[in-house]
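User: I am new to reading protein models and would like to work through one step by step. Could you take my questions in turn and show how each answer is reached?

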Amino acid sequence: METISRPVVVKRMPERMNLKQARKFLKEVQPFLNSDRPQVVFDMSQVRHIDAAGIDVLLHCMREAVKRDGDLKLAALSPQSAVVLELTRTGRLFEIYENSTAAVKSFSSFLPNALRQLEPQVSQGEVPMLGPQAVNANDDGPGASLAA
Amino acid sequence: MDIRAILLVGGVEDPETGASERVGGVPSAYLDALGVPVVERVLRRLRHYGICRATLISDVPAANMPFAQRAEFDRGLPHLEAEGDEFWDAAEETFHGYANEGADLVVALRVGPYIEVDYDEMIQHHLDHHCVISMAVDAESSSLELFVLDPAARFDARKLFQSHMQHLRRDCEPFPVKGYLNRLKNAADLRRLTVDGLMGRNAVRPEAMEIKPGVFVGRGARIHRLARVVAPAFIGARAKVHASALITRGSVLEHHAEVDCGTVVENSTLLPFTRLGAGLDVTHAVVGFRHLAHLTRNVEVEITDAKLVDMLPLSAVSRLAGSTAALFAFLPKQIYRGFQALSHREEPADNPECGGPANALLDAPVLEAPASGVESSEFPSNLAVLRRYGDH
(Lines give C-alpha, C1' and ligand atoms only; values in the text may rest on other atoms or scores of the structure.)
Protein backbone atom coordinates (compact mmCIF):
# COMPACT_ATOMS: atom_id res chain seq x y z
CA MET A 1 0.00 0.00 0.00
CA GLU A 2 1.36 3.40 -0.94
CA THR A 3 0.16 6.47 0.89
CA ILE A 4 0.77 10.18 0.40
CA SER A 5 4.17 10.82 1.95
CA ARG A 6 4.38 13.25 4.80
CA PRO A 7 7.55 14.17 6.66
CA VAL A 8 8.85 11.60 9.08
CA VAL A 9 10.85 12.81 12.06
CA VAL A 10 13.74 10.61 13.16
CA LYS A 11 15.03 11.35 16.64
CA ARG A 12 17.98 9.63 18.19
CA MET A 13 17.50 8.90 21.86
CA PRO A 14 20.29 9.76 24.31
CA GLU A 15 22.55 7.18 25.89
CA ARG A 16 20.89 7.46 29.29
CA MET A 17 17.14 7.78 29.64
CA ASN A 18 16.69 8.53 33.31
CA LEU A 19 14.24 11.04 34.75
CA LYS A 20 16.31 14.11 33.97
CA GLN A 21 17.27 13.06 30.45
CA ALA A 22 13.76 11.83 29.74
CA ARG A 23 12.25 15.19 30.60
CA LYS A 24 14.80 16.96 28.43
CA PHE A 25 14.14 14.54 25.60
CA LEU A 26 10.39 15.02 25.90
CA LYS A 27 10.79 18.78 25.66
CA GLU A 28 12.78 18.33 22.46
CA VAL A 29 10.27 16.06 20.75
CA GLN A 30 7.10 17.75 21.99
CA PRO A 31 6.88 20.19 19.03
CA PHE A 32 7.01 17.29 16.56
CA LEU A 33 4.34 15.38 18.44
CA ASN A 34 2.06 18.41 18.51
CA SER A 35 1.97 18.63 14.73
CA ASP A 36 -0.90 17.22 12.68
CA ARG A 37 -0.63 13.42 12.15
CA PRO A 38 2.93 13.17 13.42
CA GLN A 39 5.10 10.42 12.03
CA VAL A 40 7.97 9.88 14.40
CA VAL A 41 10.78 7.34 14.63
CA PHE A 42 12.94 6.99 17.73
CA ASP A 43 16.38 5.61 16.99
CA MET A 44 17.40 3.70 20.10
CA SER A 45 20.81 2.54 18.94
CA GLN A 46 22.64 4.77 21.43
CA VAL A 47 20.55 3.87 24.45
CA ARG A 48 22.60 2.07 27.08
CA HIS A 49 20.41 2.74 30.09
CA ILE A 50 16.67 3.22 30.18
CA ASP A 51 14.51 3.26 33.27
CA ALA A 52 10.82 3.68 34.07
CA ALA A 53 10.96 7.37 33.27
CA GLY A 54 12.30 6.58 29.82
CA ILE A 55 9.56 4.03 29.21
CA ASP A 56 7.03 6.55 30.47
CA VAL A 57 8.26 9.06 27.91
CA LEU A 58 7.95 6.49 25.14
CA LEU A 59 4.38 5.73 26.14
CA HIS A 60 3.54 9.41 26.46
CA CYS A 61 4.95 10.14 23.00
CA MET A 62 3.03 7.21 21.51
CA ARG A 63 -0.18 8.39 23.14
CA GLU A 64 0.31 11.92 21.84
CA ALA A 65 1.10 10.69 18.33
CA VAL A 66 -1.87 8.32 18.19
CA LYS A 67 -4.17 11.01 19.57
CA ARG A 68 -3.33 13.12 16.53
CA ASP A 69 -3.79 10.20 14.16
CA GLY A 70 -0.07 9.72 13.74
CA ASP A 71 2.27 6.99 14.93
CA LEU A 72 5.54 6.43 16.70
CA LYS A 73 7.87 3.64 15.64
CA LEU A 74 11.10 2.44 17.15
CA ALA A 75 14.26 1.56 15.30
CA ALA A 76 17.68 0.02 15.87
CA LEU A 77 17.08 -1.13 19.41
CA SER A 78 20.24 -1.58 21.45
CA PRO A 79 20.36 -4.86 23.39
CA GLN A 80 19.88 -2.96 26.64
CA SER A 81 16.78 -1.13 25.48
CA ALA A 82 15.38 -4.31 23.90
CA VAL A 83 15.66 -6.12 27.22
CA VAL A 84 13.93 -3.33 29.14
CA LEU A 85 11.14 -3.05 26.56
CA GLU A 86 10.57 -6.79 26.76
CA LEU A 87 10.74 -6.78 30.55
CA THR A 88 8.14 -4.04 30.85
CA ARG A 89 6.05 -5.61 28.05
CA THR A 90 5.95 -2.28 26.25
CA GLY A 91 7.76 -3.51 23.16
CA ARG A 92 4.58 -5.00 21.79
CA LEU A 93 2.96 -1.58 21.67
CA PHE A 94 5.34 -0.43 18.96
CA GLU A 95 6.39 -1.40 15.49
CA ILE A 96 10.10 -2.05 15.84
CA TYR A 97 12.46 -1.97 12.85
CA GLU A 98 16.03 -2.99 12.39
CA ASN A 99 17.11 0.51 11.36
CA SER A 100 15.78 4.03 11.01
CA THR A 101 15.64 3.94 7.22
CA ALA A 102 13.32 0.95 7.26
CA ALA A 103 11.19 2.56 9.94
CA VAL A 104 10.84 5.72 7.84
CA LYS A 105 9.91 3.71 4.75
CA SER A 106 7.37 1.71 6.73
CA PHE A 107 5.15 4.78 7.01
CA SER A 108 4.46 4.59 3.28
CA SER A 109 4.56 0.84 2.64
CA PHE A 110 4.57 -2.35 4.67
CA LEU A 111 8.06 -3.83 4.96
CA PRO A 112 7.73 -7.27 6.53
CA ASN A 113 11.40 -8.11 6.15
CA ALA A 114 12.53 -4.99 7.97
CA LEU A 115 10.48 -5.76 11.06
CA ARG A 116 12.18 -7.37 13.99
CA GLN A 117 11.47 -11.10 14.17
CA LEU A 118 7.91 -11.23 15.47
CA GLU A 119 7.06 -14.88 15.59
CA PRO A 120 9.13 -17.19 17.79
CA GLN A 121 9.10 -20.13 15.32
CA VAL A 122 5.71 -21.20 16.59
CA SER A 123 5.84 -24.70 15.25
CA GLN A 124 9.14 -25.52 16.90
CA GLY A 125 7.71 -25.52 20.40
CA GLU A 126 10.37 -23.15 21.67
CA VAL A 127 9.97 -20.50 24.31
CA PRO A 128 10.34 -17.10 22.64
CA MET A 129 13.58 -15.47 23.59
CA LEU A 130 14.72 -12.00 22.83
CA GLY A 131 18.26 -12.32 21.68
CA PRO A 132 20.64 -9.43 21.26
CA GLN A 133 19.62 -7.47 18.23
CA ALA A 134 21.97 -6.35 15.57
CA VAL A 135 22.47 -2.66 16.19
CA ASN A 136 22.35 -0.93 12.89
CA ALA A 137 22.39 2.75 13.60
CA ASN A 138 21.78 5.11 10.75
CA ASP A 139 24.38 7.63 9.78
CA ASP A 140 22.39 10.64 10.86
CA GLY A 141 24.00 12.82 13.44
CA PRO A 142 22.47 13.28 16.85
CA GLY A 143 19.25 15.19 17.01
CA ALA A 144 16.19 15.20 14.86
CA SER A 145 16.20 14.82 11.14
CA LEU A 146 13.44 15.02 8.60
CA ALA A 147 12.88 12.44 5.92
CA ALA A 148 10.34 12.85 3.19
CA MET B 1 -8.11 -30.63 -21.90
CA ASP B 2 -10.75 -31.78 -19.41
CA ILE B 3 -9.03 -31.96 -16.04
CA ARG B 4 -11.08 -32.55 -12.92
CA ALA B 5 -10.23 -32.59 -9.25
CA ILE B 6 -11.15 -34.57 -6.15
CA LEU B 7 -10.55 -32.68 -2.91
CA LEU B 8 -10.43 -34.76 0.23
CA VAL B 9 -10.80 -33.06 3.61
CA GLY B 10 -10.00 -35.47 6.44
CA GLY B 11 -9.20 -39.16 6.18
CA VAL B 12 -6.34 -38.89 8.64
CA GLU B 13 -5.18 -42.26 9.92
CA ASP B 14 -4.74 -41.62 13.63
CA PRO B 15 -6.27 -38.52 15.18
CA GLU B 16 -4.76 -39.42 18.57
CA THR B 17 -1.17 -38.86 17.46
CA GLY B 18 -1.60 -35.12 17.42
CA ALA B 19 -1.53 -34.99 13.66
CA SER B 20 -5.31 -34.68 13.58
CA GLU B 21 -5.26 -31.76 11.14
CA ARG B 22 -7.96 -30.23 13.30
CA VAL B 23 -8.14 -27.20 15.55
CA GLY B 24 -10.85 -27.34 18.20
CA GLY B 25 -12.30 -30.35 16.39
CA VAL B 26 -12.74 -28.56 13.06
CA PRO B 27 -10.56 -29.61 10.10
CA SER B 28 -7.95 -26.95 9.34
CA ALA B 29 -9.13 -26.93 5.74
CA TYR B 30 -12.42 -25.35 6.81
CA LEU B 31 -10.77 -22.72 8.98
CA ASP B 32 -10.08 -19.28 7.69
CA ALA B 33 -6.60 -18.13 6.82
CA LEU B 34 -6.67 -14.33 6.56
CA GLY B 35 -10.35 -14.17 5.72
CA VAL B 36 -10.77 -17.13 3.37
CA PRO B 37 -11.05 -20.84 4.28
CA VAL B 38 -8.03 -22.90 3.30
CA VAL B 39 -10.15 -25.19 1.10
CA GLU B 40 -11.46 -22.17 -0.82
CA ARG B 41 -7.89 -21.01 -1.38
CA VAL B 42 -7.05 -24.45 -2.81
CA LEU B 43 -10.10 -24.29 -5.07
CA ARG B 44 -9.14 -20.82 -6.29
CA ARG B 45 -5.69 -22.09 -7.14
CA LEU B 46 -7.15 -25.01 -9.09
CA ARG B 47 -9.46 -22.65 -10.99
CA HIS B 48 -6.52 -20.37 -11.72
CA TYR B 49 -4.92 -23.28 -13.57
CA GLY B 50 -8.13 -24.08 -15.43
CA ILE B 51 -9.27 -26.98 -13.25
CA CYS B 52 -12.84 -25.83 -12.71
CA ARG B 53 -14.72 -29.06 -12.06
CA ALA B 54 -14.09 -30.50 -8.65
CA THR B 55 -15.78 -32.60 -5.97
CA LEU B 56 -15.24 -32.09 -2.27
CA ILE B 57 -15.35 -35.10 0.04
CA SER B 58 -15.08 -34.53 3.77
CA ASP B 59 -15.48 -36.32 7.09
CA VAL B 60 -16.30 -33.48 9.45
CA PRO B 61 -17.56 -34.63 12.88
CA ALA B 62 -21.28 -34.05 13.37
CA ALA B 63 -20.65 -31.65 16.28
CA ASN B 64 -18.72 -29.29 14.06
CA MET B 65 -20.92 -29.65 11.02
CA PRO B 66 -22.72 -26.30 11.55
CA PHE B 67 -19.43 -24.42 11.38
CA ALA B 68 -18.18 -26.42 8.40
CA GLN B 69 -21.43 -25.77 6.56
CA ARG B 70 -21.00 -22.05 7.20
CA ALA B 71 -17.44 -21.93 5.84
CA GLU B 72 -17.46 -19.56 2.92
CA PHE B 73 -16.44 -21.56 -0.11
CA ASP B 74 -18.07 -22.24 -3.44
CA ARG B 75 -21.48 -23.70 -2.60
CA GLY B 76 -21.97 -24.85 -6.18
CA LEU B 77 -19.23 -27.40 -5.63
CA PRO B 78 -20.44 -31.03 -5.43
CA HIS B 79 -19.96 -31.97 -1.80
CA LEU B 80 -20.04 -35.43 -0.21
CA GLU B 81 -19.98 -36.27 3.47
CA ALA B 82 -18.62 -39.68 4.43
CA GLU B 83 -16.82 -41.21 7.38
CA GLY B 84 -14.36 -44.05 7.84
CA ASP B 85 -13.96 -46.40 4.90
CA GLU B 86 -16.91 -44.78 3.14
CA PHE B 87 -14.76 -41.66 2.83
CA TRP B 88 -12.27 -43.46 0.59
CA ASP B 89 -15.01 -45.39 -1.18
CA ALA B 90 -16.63 -42.07 -2.07
CA ALA B 91 -13.32 -40.87 -3.49
CA GLU B 92 -13.03 -44.00 -5.63
CA GLU B 93 -16.60 -43.70 -6.88
CA THR B 94 -16.05 -40.06 -7.79
CA PHE B 95 -12.94 -41.03 -9.73
CA HIS B 96 -14.89 -43.70 -11.66
CA GLY B 97 -17.63 -41.16 -12.34
CA TYR B 98 -15.11 -38.72 -13.83
CA ALA B 99 -13.57 -41.52 -15.91
CA ASN B 100 -16.98 -42.49 -17.28
CA GLU B 101 -17.75 -38.87 -18.14
CA GLY B 102 -14.63 -38.72 -20.31
CA ALA B 103 -12.24 -36.64 -18.23
CA ASP B 104 -8.71 -36.48 -19.63
CA LEU B 105 -6.97 -36.33 -16.26
CA VAL B 106 -7.98 -36.40 -12.60
CA VAL B 107 -6.17 -34.50 -9.85
CA ALA B 108 -6.68 -36.04 -6.42
CA LEU B 109 -5.48 -34.13 -3.39
CA ARG B 110 -5.97 -34.15 0.30
CA VAL B 111 -6.34 -30.88 2.24
CA GLY B 112 -4.55 -31.72 4.53
CA PRO B 113 -1.41 -30.07 3.44
CA TYR B 114 -1.56 -26.62 1.86
CA ILE B 115 0.66 -26.69 -1.21
CA GLU B 116 1.33 -23.92 -3.68
CA VAL B 117 2.01 -26.12 -6.66
CA ASP B 118 2.23 -25.09 -10.28
CA TYR B 119 -0.44 -27.43 -11.71
CA ASP B 120 0.56 -26.65 -15.30
CA GLU B 121 4.08 -27.80 -14.55
CA MET B 122 2.87 -30.93 -12.74
CA ILE B 123 0.51 -31.93 -15.54
CA GLN B 124 3.23 -31.30 -18.11
CA HIS B 125 5.54 -33.51 -16.04
CA HIS B 126 2.84 -36.19 -16.01
CA LEU B 127 2.41 -36.05 -19.78
CA ASP B 128 6.14 -35.85 -20.55
CA HIS B 129 6.90 -38.95 -18.52
CA HIS B 130 3.91 -40.87 -19.94
CA CYS B 131 2.89 -41.65 -16.39
CA VAL B 132 -0.30 -43.42 -15.37
CA ILE B 133 -0.07 -41.76 -11.99
CA SER B 134 2.15 -38.90 -10.78
CA MET B 135 2.86 -38.03 -7.19
CA ALA B 136 3.91 -34.65 -5.77
CA VAL B 137 6.75 -34.86 -3.25
CA ASP B 138 8.56 -32.37 -1.05
CA ALA B 139 12.30 -31.72 -0.86
CA GLU B 140 12.75 -34.84 1.27
CA SER B 141 10.86 -36.97 -1.27
CA SER B 142 7.92 -37.62 1.04
CA SER B 143 4.45 -37.65 -0.43
CA LEU B 144 2.32 -34.49 -0.31
CA GLU B 145 -0.86 -36.48 -1.00
CA LEU B 146 -1.35 -34.79 -4.33
CA PHE B 147 -1.67 -37.03 -7.40
CA VAL B 148 -2.44 -36.72 -11.07
CA LEU B 149 -4.17 -39.84 -12.42
CA ASP B 150 -4.95 -41.15 -15.83
CA PRO B 151 -8.72 -41.96 -15.85
CA ALA B 152 -7.98 -45.33 -17.46
CA ALA B 153 -5.88 -46.37 -14.46
CA ARG B 154 -8.83 -47.65 -12.43
CA PHE B 155 -6.85 -50.30 -10.55
CA ASP B 156 -4.17 -47.77 -9.65
CA ALA B 157 -6.87 -45.42 -8.37
CA ARG B 158 -8.44 -48.22 -6.36
CA LYS B 159 -5.09 -49.11 -4.77
CA LEU B 160 -4.39 -45.44 -4.04
CA PHE B 161 -7.71 -44.73 -2.32
CA GLN B 162 -7.97 -48.07 -0.52
CA SER B 163 -4.50 -47.51 0.96
CA HIS B 164 -5.61 -44.04 2.12
CA MET B 165 -3.19 -42.41 -0.33
CA GLN B 166 -0.21 -44.19 1.23
CA HIS B 167 0.69 -46.74 -1.46
CA LEU B 168 0.83 -46.90 -5.23
CA ARG B 169 0.25 -49.94 -7.41
CA ARG B 170 3.32 -49.20 -9.46
CA ASP B 171 6.35 -46.92 -9.32
CA CYS B 172 6.01 -43.45 -10.75
CA GLU B 173 8.19 -40.46 -11.48
CA PRO B 174 7.79 -38.14 -8.47
CA PHE B 175 7.15 -34.47 -9.08
CA PRO B 176 9.13 -32.28 -6.69
CA VAL B 177 7.15 -29.25 -5.52
CA LYS B 178 9.16 -26.06 -5.37
CA GLY B 179 6.46 -23.77 -4.03
CA TYR B 180 5.29 -22.95 -0.52
CA LEU B 181 4.27 -25.93 1.59
CA ASN B 182 2.50 -26.19 4.94
CA ARG B 183 1.26 -29.56 6.18
CA LEU B 184 -1.40 -27.97 8.43
CA LYS B 185 -1.13 -30.74 10.98
CA ASN B 186 -2.04 -28.65 14.00
CA ALA B 187 -2.81 -25.16 15.32
CA ALA B 188 0.83 -24.10 15.08
CA ASP B 189 0.87 -24.86 11.36
CA LEU B 190 -2.33 -22.88 10.84
CA ARG B 191 -0.79 -19.96 12.70
CA ARG B 192 2.37 -20.24 10.58
CA LEU B 193 0.30 -20.19 7.41
CA THR B 194 -1.40 -16.93 8.37
CA VAL B 195 1.81 -15.28 9.59
CA ASP B 196 3.57 -16.28 6.37
CA GLY B 197 0.65 -14.77 4.49
CA LEU B 198 0.90 -11.50 6.40
CA MET B 199 4.65 -11.38 5.83
CA GLY B 200 4.23 -12.07 2.10
CA ARG B 201 6.00 -15.45 2.16
CA ASN B 202 3.19 -17.27 0.38
CA ALA B 203 0.22 -16.61 -1.85
CA VAL B 204 -2.24 -16.34 1.04
CA ARG B 205 -3.24 -12.72 0.65
CA PRO B 206 -5.44 -11.06 3.29
CA GLU B 207 -9.04 -10.73 2.15
CA ALA B 208 -9.33 -7.22 3.51
CA MET B 209 -8.45 -3.60 2.91
CA GLU B 210 -5.06 -2.31 3.99
CA ILE B 211 -6.02 0.75 6.04
CA LYS B 212 -2.41 1.56 6.87
CA PRO B 213 0.81 -0.24 5.98
CA GLY B 214 0.56 -3.78 7.30
CA VAL B 215 -2.86 -3.40 8.96
CA PHE B 216 -5.65 -5.23 7.12
CA VAL B 217 -9.26 -4.66 8.09
CA GLY B 218 -12.17 -6.61 6.66
CA ARG B 219 -15.65 -5.46 5.70
CA GLY B 220 -17.77 -4.31 8.62
CA ALA B 221 -15.01 -4.69 11.20
CA ARG B 222 -15.18 -2.29 14.13
CA ILE B 223 -12.11 -1.05 15.97
CA HIS B 224 -12.59 1.27 18.93
CA ARG B 225 -10.70 4.53 18.64
CA LEU B 226 -8.88 3.79 21.92
CA ALA B 227 -7.78 0.33 20.77
CA ARG B 228 -4.32 -0.07 19.28
CA VAL B 229 -3.52 -2.24 16.30
CA VAL B 230 0.20 -2.64 15.59
CA ALA B 231 1.27 -3.81 12.14
CA PRO B 232 1.29 -6.45 10.84
CA ALA B 233 -2.23 -7.39 11.86
CA PHE B 234 -5.41 -8.71 10.30
CA ILE B 235 -8.90 -7.86 11.56
CA GLY B 236 -11.44 -9.95 9.69
CA ALA B 237 -14.90 -9.03 8.46
CA ARG B 238 -17.32 -7.98 11.20
CA ALA B 239 -14.73 -8.50 13.91
CA LYS B 240 -14.86 -6.18 16.90
CA VAL B 241 -12.01 -4.70 18.90
CA HIS B 242 -13.15 -2.89 22.04
CA ALA B 243 -11.57 0.02 23.89
CA SER B 244 -7.99 -0.25 25.18
CA ALA B 245 -7.44 -3.60 23.49
CA LEU B 246 -4.07 -4.21 21.87
CA ILE B 247 -3.65 -6.32 18.74
CA THR B 248 0.02 -6.73 18.00
CA ARG B 249 2.90 -8.77 16.50
CA GLY B 250 1.18 -10.37 13.58
CA SER B 251 -2.05 -11.17 15.36
CA VAL B 252 -4.98 -12.33 13.29
CA LEU B 253 -8.66 -11.92 14.17
CA GLU B 254 -10.78 -13.91 11.78
CA HIS B 255 -14.32 -12.92 10.87
CA HIS B 256 -16.80 -12.23 13.69
CA ALA B 257 -14.05 -12.51 16.32
CA GLU B 258 -14.35 -10.14 19.24
CA VAL B 259 -11.78 -8.79 21.69
CA ASP B 260 -13.15 -7.17 24.80
CA CYS B 261 -11.81 -4.13 26.65
CA GLY B 262 -8.19 -4.07 27.71
CA THR B 263 -7.28 -7.47 26.31
CA VAL B 264 -3.89 -7.92 24.68
CA VAL B 265 -3.61 -10.25 21.69
CA GLU B 266 0.03 -10.78 20.84
CA ASN B 267 1.30 -13.08 18.10
CA SER B 268 -1.97 -15.03 18.21
CA THR B 269 -4.87 -16.07 16.04
CA LEU B 270 -8.53 -15.83 16.97
CA LEU B 271 -10.62 -18.21 14.94
CA PRO B 272 -14.02 -17.15 13.58
CA PHE B 273 -16.84 -16.43 16.06
CA THR B 274 -14.45 -16.41 19.01
CA ARG B 275 -14.94 -13.89 21.77
CA LEU B 276 -12.17 -13.02 24.21
CA GLY B 277 -13.17 -11.58 27.56
CA ALA B 278 -11.96 -8.34 29.11
CA GLY B 279 -8.50 -7.80 30.57
CA LEU B 280 -6.83 -10.93 29.23
CA ASP B 281 -3.34 -11.40 27.91
CA VAL B 282 -3.26 -13.86 25.02
CA THR B 283 0.18 -14.52 23.57
CA HIS B 284 1.50 -17.13 21.11
CA ALA B 285 -1.84 -18.92 20.91
CA VAL B 286 -4.59 -20.02 18.58
CA VAL B 287 -7.96 -19.53 20.22
CA GLY B 288 -11.26 -20.83 18.96
CA PHE B 289 -14.19 -23.16 19.59
CA ARG B 290 -13.64 -22.72 23.35
CA HIS B 291 -10.13 -24.10 23.02
CA LEU B 292 -6.80 -22.38 23.44
CA ALA B 293 -3.76 -23.92 21.80
CA HIS B 294 -0.62 -22.45 23.31
CA LEU B 295 2.07 -22.71 20.69
CA THR B 296 5.22 -22.29 22.74
CA ARG B 297 4.03 -24.60 25.50
CA ASN B 298 2.66 -26.99 22.89
CA VAL B 299 -0.56 -27.63 24.80
CA GLU B 300 -4.24 -27.27 24.01
CA VAL B 301 -6.75 -26.53 26.77
CA GLU B 302 -10.51 -26.40 26.77
CA ILE B 303 -11.90 -23.26 28.36
CA THR B 304 -15.49 -23.51 29.54
CA ASP B 305 -15.72 -20.14 31.29
CA ALA B 306 -17.56 -17.88 28.88
CA LYS B 307 -16.09 -14.83 30.57
CA LEU B 308 -12.66 -15.84 29.29
CA VAL B 309 -13.29 -17.43 25.93
CA ASP B 310 -16.68 -17.80 24.37
CA MET B 311 -18.06 -18.76 21.01
CA LEU B 312 -20.56 -16.44 19.41
CA PRO B 313 -23.68 -17.91 17.77
CA LEU B 314 -23.11 -18.81 14.14
CA SER B 315 -26.43 -17.42 13.00
CA ALA B 316 -26.77 -13.65 12.57
CA VAL B 317 -30.30 -13.75 13.99
CA SER B 318 -29.09 -15.42 17.19
CA ARG B 319 -26.28 -12.90 17.54
CA LEU B 320 -28.69 -9.99 17.07
CA ALA B 321 -31.15 -11.47 19.58
CA GLY B 322 -28.33 -11.96 22.08
CA SER B 323 -27.10 -8.37 21.70
CA THR B 324 -30.62 -6.99 22.05
CA ALA B 325 -31.30 -9.06 25.16
CA ALA B 326 -28.00 -7.90 26.69
CA LEU B 327 -28.89 -4.28 25.93
CA PHE B 328 -32.33 -4.51 27.57
CA ALA B 329 -30.97 -6.46 30.54
CA PHE B 330 -28.18 -3.97 31.19
CA LEU B 331 -30.14 -1.22 33.00
CA PRO B 332 -32.29 -3.48 35.23
CA LYS B 333 -29.16 -5.45 36.10
CA GLN B 334 -27.35 -2.28 37.20
CA ILE B 335 -30.34 -1.15 39.30
CA TYR B 336 -30.57 -4.59 40.91
CA ARG B 337 -26.87 -4.59 41.66
CA GLY B 338 -27.17 -1.14 43.21
CA PHE B 339 -29.95 -2.29 45.55
CA GLN B 340 -28.08 -5.45 46.37
CA ALA B 341 -24.96 -3.51 47.27
CA LEU B 342 -27.00 -1.20 49.57
CA SER B 343 -28.69 -4.08 51.37
CA HIS B 344 -25.39 -5.87 51.93
CA ARG B 345 -23.55 -2.84 53.28
CA GLU B 346 -22.39 -3.66 56.80
CA GLU B 347 -22.43 -1.16 59.59
CA PRO B 348 -19.10 -0.69 61.39
CA ALA B 349 -18.80 -2.89 64.46
CA ASP B 350 -19.37 -1.15 67.74
CA ASN B 351 -16.27 -2.26 69.61
CA PRO B 352 -15.72 -0.24 72.76
CA GLU B 353 -12.19 -1.60 73.16
CA CYS B 354 -11.19 -0.15 69.84
CA GLY B 355 -13.36 2.93 69.78
CA GLY B 356 -12.86 4.53 73.20
CA PRO B 357 -9.17 5.17 73.54
CA ALA B 358 -8.68 5.81 69.85
CA ASN B 359 -11.28 8.54 69.84
CA ALA B 360 -9.65 10.10 72.82
CA LEU B 361 -6.31 10.03 71.04
CA LEU B 362 -7.80 11.50 67.91
CA ASP B 363 -9.32 14.38 69.86
CA ALA B 364 -5.96 15.38 71.21
CA PRO B 365 -4.00 17.78 68.96
CA VAL B 366 -0.93 16.20 67.41
CA LEU B 367 0.90 19.42 66.74
CA GLU B 368 1.21 21.49 69.86
CA ALA B 369 2.20 25.11 69.54
CA PRO B 370 5.54 25.68 71.26
CA ALA B 371 5.28 27.37 74.62
CA SER B 372 7.55 30.17 73.51
CA GLY B 373 5.16 31.09 70.72
CA VAL B 374 7.92 30.71 68.06
CA GLU B 375 7.07 28.18 65.35
CA SER B 376 9.39 25.26 65.09
CA SER B 377 11.38 25.12 61.85
CA GLU B 378 11.37 21.31 61.80
CA PHE B 379 8.67 18.68 61.60
CA PRO B 380 7.99 16.96 64.90
CA SER B 381 9.32 13.43 65.00
CA ASN B 382 5.90 11.90 65.63
CA LEU B 383 4.39 13.18 62.38
CA ALA B 384 4.32 10.93 59.33
CA VAL B 385 3.50 12.44 55.96
CA LEU B 386 2.08 10.15 53.31
CA ARG B 387 1.86 11.16 49.69
CA ARG B 388 -0.69 9.52 47.48
CA TYR B 389 1.01 10.17 44.17
CA GLY B 390 4.63 10.07 43.01
CA ASP B 391 6.81 13.12 42.85
CA HIS B 392 4.22 15.72 41.95
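Analyst: The questions below go through a predicted model, beginning with chain A and then turning to chain B.

User: In what order do the helices and strands of chain A run from the N terminus on?

Analyst: Chain A holds 4 helices and 7 strands, and buried residues make up 41% of its 148 residues. Among the contacts in chain A with a separation of 6 or more, 78% are between residues 24 or more positions apart. Read from the N terminus on, the elements of chain A follow the order β-β-α-β-β-α-β-α-β-α-β.

User: Are helix H1 and helix H2 of chain A roughly parallel or roughly antiparallel?

Analyst: Helix H1 of chain A covers residues 19-33 and helix H2 of chain A covers residues 52-67, and their axes come within 9 Å and cross at roughly 15 degrees. Angles under 35 degrees count as roughly parallel, and therefore H1(A) and H2(A) are described as roughly parallel.

User: How many nonpolar residues are there in the contact of H1(A) with H2(A)?

Analyst: H1(A) passes H2(A) in a right-handed crossing. On the side of H1(A) the contact includes Leu19(A), Phe25(A) and Leu33(A), while H2(A) brings residues including Val57(A), His60(A) and Glu64(A). Sorted by class, this contact has 1 charged residue, 2 polar residues and, as the number asked for, 10 nonpolar residues.

User: Turning to chain B, what share of its residues is buried?

Analyst: Chain B contains 8 helices and 30 strands. Of its contacts between residues at least 6 apart in sequence, 48% join residues at least 24 apart. For the 392 residues of chain B, the buried share is 42%.

User: Is Phe95(B) buried or exposed?

Analyst: Phe95(B) lies in helix H3 of chain B, which spans residues 85-101. A residue counts as buried if 20 or more other C-beta atoms lie within 10 Å of its own. Because Phe95(B) has 25 other C-beta atoms within 10 Å, this residue is classed as buried.

User: Which residue of helix H5 of chain B is in contact with Phe95(B), leaving aside neighbours within four places in sequence?

Analyst: With those neighbours left aside, Phe95(B) is in contact with Ile6(B), Val106(B) and Ala157(B). H5(B) meets H3(B) through Arg154(B), Ala157(B), Arg158(B), Phe161(B) and Gln162(B). The C-alpha atoms of Phe95(B) and Phe161(B), which are 66 residues apart along the chain, are separated by 9.8 Å. The name found both among the contacts of Phe95(B) and in H5(B) is Ala157(B).

User: Are H3(B) and H5(B) roughly parallel or roughly antiparallel?

Analyst: The axes of H3(B) and H5(B), the latter formed by residues 154-162, come within 9 Å and cross at roughly 160 degrees. Angles over 145 degrees count as roughly antiparallel, so the relation between H3(B) and H5(B) is roughly antiparallel.

User: Which helix gives the most residues to the side of domain 1 of chain B that touches domain 2 of chain B?

Analyst: The domain assignment of chain B gives domain 1 (3-182) and domain 2 (206-346), and the centres of these domains, taken over C-alpha atoms, are separated by 34 Å. Their contact takes 12 residues from domain 1 and 18 residues from domain 2. By class, the domain 1 side has 7 nonpolar, 3 polar and 2 charged residues. The helix that gives the most to this side, with 3 residues, is helix H2 (residues 65-70) of chain B.

Notes: Residues are numbered from 1 along each chain as its sequence is written. Chains are lettered from A and ligands numbered from 1 in the order in which they are written. This is a predicted model: local features need pLDDT of at least 70, side-chain atom pairs count only at pLDDT 80 or more; totals for chains, interfaces and linings use all residues. Helices (H or I, at least four residues) and strands (E, at least two) are DSSP runs, numbered from the N terminus. A residue is buried if 20 or more other C-beta atoms lie within 10 Å of its own, exposed if 12 or fewer, and partly exposed in between; C-beta atoms are placed from the backbone. Two residues are in contact if their C-beta atoms, placed from the backbone, lie within 7 Å. Axes are lines fitted to C-alpha atoms, for helices over the stretch in contact, and angles run from 0 to 180 degrees between N-to-C directions. Angles under 35 degrees count as roughly parallel, over 145 as roughly antiparallel, 65 to 115 as roughly perpendicular and the rest as oblique. Domain bounds come from an automatic or database domain assignment. Ala, Val, Leu, Ile, Met, Phe, Trp, Tyr, Cys and Pro count as nonpolar, Asp, Glu, Lys and Arg as charged, and the others, Gly among them, as polar. A crossing is left-handed if the near helix is turned anticlockwise from the far one by less than a right angle, and right-handed if clockwise.
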